[in-house]
Amino acid sequence: SIYEMFGHECCLSTGEVIKVIGFKINKLIASICENNEVSQFSAKVELPLNFPGLYKVVADKTPYVSIEEITKKVSIGPTRFGHPCFYSPEDIKLANLTIKHGEHITFNSVEEVSGTMAVNCVVVRNNQSLSFTLPLSQEGKFYECEDDQIYTLKEIAEWKIPKCRNRIVKLSNTIHMWDFSNPLPENFDGCLILTPVYEVQAVMKFRKDIVHILSDLDVEVKDITDCYDISSFLQPLSLEDVFERASKEFPMVAEIMEGPSESQKPFKFLDTGNEIIIYKKYQATRILASEIRSDSPKRYFLIPMSYKGRFKRRPREFPTAYDLEIARSEKEQLHVVATKAFDSPHKELFSVSVGDQFLVQQCQTSEVLYERRKKLIDVLACEQILGDTYKKVLLPMYMEGRFVEVIHDKKQYQLSEICKEFRLPFNVKVSVRDLSIEEDVVAAMPGLQFEEEITDSYLLISSASSPVESWEIPVYRLNMSVHLLSKDVQTFVPPVTKTEVEEISEEQYYMVRRYENQTLCSPPRPPKKPT
């Protein structure tokens with residue numbers, strides 16, 4: 001048989017020895033779902049894994065009957081996605097702990113404990129994490145917990161579809177960046193049943209690339225694992241696999257078995273077959289920035305702290321008085337102008353007209369008359385600017401107006417200064433571009449909003465053939481496979497490190513924000529009108 005896909009051609013001749021290294025979902029067959037069943041009017045459509053949009057996973061109603069079944073069918077691993085949650089409708093009594101029925105059990109990893117395979121688990125009680133292990137032999141009914149996170153189709157395919165099961169998902173956020181005809185109904189926002197179509201990933205003894213074989217290819221094979229020296233095959237590693245290696249194993253030399261796609265490739269030397277030096281792994285800080293513009297689509301960037309350009313401030317916009325309170329700082333007084341009128345329902349509080357200017361002071365409480373009863377509410381104390389004089393006024397925190405910041409500061413700031421002196425989000429424009437970067441993509445933006453600091457995982461690499469510069473590559477946003485070579489690294493000191501501003505897609509932007517905010521508490525909501 002001859003098989004070809006995306007430029008990979010594989011001749012499977014009689015007697016050919018293949019080492020299967022994994023199974024991967026190649027595409028998804030989607031049907032519109034009604035009441036957890038395929039709609040009788042729904043046609044099946046094929047969705048590629050890069051189909052845009054963000055989706056919520058609907059918890060599977062079919063229980064698992066043992067911990068072993070979960071480990072065989074559900075992805076459990078060290079990455080952000082590999083920690084599924086389940087609950088049991090019955091109490092689980094362990095030696096020194098009882099897991100109550102309905103408690104959410106997070107599965108973190110599978111390992112051998114005292115000669116028995118078990119799952120490392122966590123439950124949270126009273127804001128405290130309790131760790132324990134469940135043996136694979138543990139039986140009972142285990143149901144998936146509801147998942148409030150959002151995922152791309154690719155993430156769902158890799159982590160959230162159990163083996164031998166389908167997955168129901170609900171469209172959470174449509175992203176209009178699809179160049180082809182949309183296979184889903186117009187304005188669709190319902191649920192889909194996803195059926196995976198798999199491919200087999202394999203390596204051959206005399207080939208250095210990874211071959212992809214559709215699971216329905218008509219060939220007969222025989223398992224010879226027990227009578228063949230599988231160490232003679234190459235061992236492909238993803239960037240995540242490399243990052244999981246111990247720090248003492250670095251630096252290392254690797255050959256690229258499968259490079260990133262052309263649209264994703266940040267550096268020219270990341271072609272299949274090239275050798276690279278991987279010096280070290282580490283966490284690095286980036287500033288997540290978005291282009292300031294009223295129409296869509298916006299552009300999004302991750303800016304390294306080593307960025308050498310300079311920035312000038314741009315006015316921020318605030319939709320409520322509550323946002324003014326959040327933005328005010330001790331360093332400088334916040335000066336704003338109203339761009340939307342607001343009529344106060346209380347005579348004790350100020351009514352705002354378009355063009356009114358204020359200096360923001362502080363939050364306090366004030367007594368107002370509401371339905372013939374006195375009531376204390378939160379207000380924002382400000383000074384209204386009236387030419388050369390100032391008038392003290394009170395604005396209700398729940399006030400929905402619109403304010404634009406008045407900038408008096410003409411200073412040019414470095415990125416580190418902005419992060420140190422101001423609270424994000426913060427609006428800027430590049431005033432002096434970074435001359436060390438060949439193409440400074442953020443310098444052309446009319447305005448940027450620095451949204452937050454994020455921490456991400458990187459590998460420091462260089463070309464093995466000409467290691468004159470080293471580059472940072474993101475572990476979780478670059479799809480490539482390598483295999484390690486038993487070559488000595490000539491120097492343990494990496495050459496001059498070049499950092500780039502990384503432009504990310506809208507999907508990646510939402511993913512980055514989601515990861516970063518998982519550990520943060522939600523900010524308090526603005527006060528409502530008194531009731």
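Let me start with a term: buried means under 20% relative accessible area, exposed means over 50%, and partly exposed is in between, using a 1.4 Å probe and protein chains only. By that scale Lys487 is partly exposed, at 45%.

Now, what are we looking at? This is a predicted model, where local features need pLDDT of at least 70, side-chain atom pairs count only at pLDDT 80 or more, and totals for chains, interfaces and linings use all residues. Residues are numbered from 1 along each chain as its sequence is written, and side-chain values use heavy atoms, with hydrogens and water left out.

Back to Lys487. Its side chain meets that of Glu275 in a salt bridge, 2.9 Å from N to O. A salt bridge here is a side-chain nitrogen of Lys or Arg within 4 Å of a carboxyl oxygen of Asp or Glu. Lys487 sits in the loop between strands E32 and E33, and Glu275 in strand E20, so the pair ties together parts 212 residues apart in sequence. Strands (E, at least two residues) and helices (H or I, at least four) are DSSP runs, numbered from the N terminus. Glu275 is partly exposed too, at 27%.

Glu275 also touches Glu255. Contact means heavy atoms within 4.5 Å. Glu255 lies in strand E19 and is buried, at 7%.

How many salt bridges are there? The count is 23. Take Glu405 and Arg316, with closest N and O atoms 2.9 Å apart. Glu405 is in strand E28, Arg316 in the loop between E22 and E23, and 89 residues separate them. Glu405 is buried at 6%. Arg316 is buried at 10%.

Six strands form an open sheet, in the order E23-E28-E24-E25-E26-E27, with antiparallel pairing. Two strands pair if DSSP finds at least two bridges between them. At the edges are E23 and E27, each pairing on one side only. E24 and E25 pair over three bridges. Val337 has Gln357 in E25 as its bridge partner.

Finally, the cores. A nonpolar core is a set of buried Ala, Val, Leu, Ile, Met, Phe, Trp, Tyr and Cys residues joined through side-chain atoms within 4.5 Å. Which members of the largest one touch the most other members? Of its 25 residues, they are Leu324, Val352, Phe358 and Phe403. Helix H4 and strands E24, E25, E26 and E27 each give two or more residues to this core. A second, separate core has 22 residues, including Ala30 and Phe51.

Definitions and conventions:
Lists of a residue's contacts leave out its neighbours within four places in sequence.
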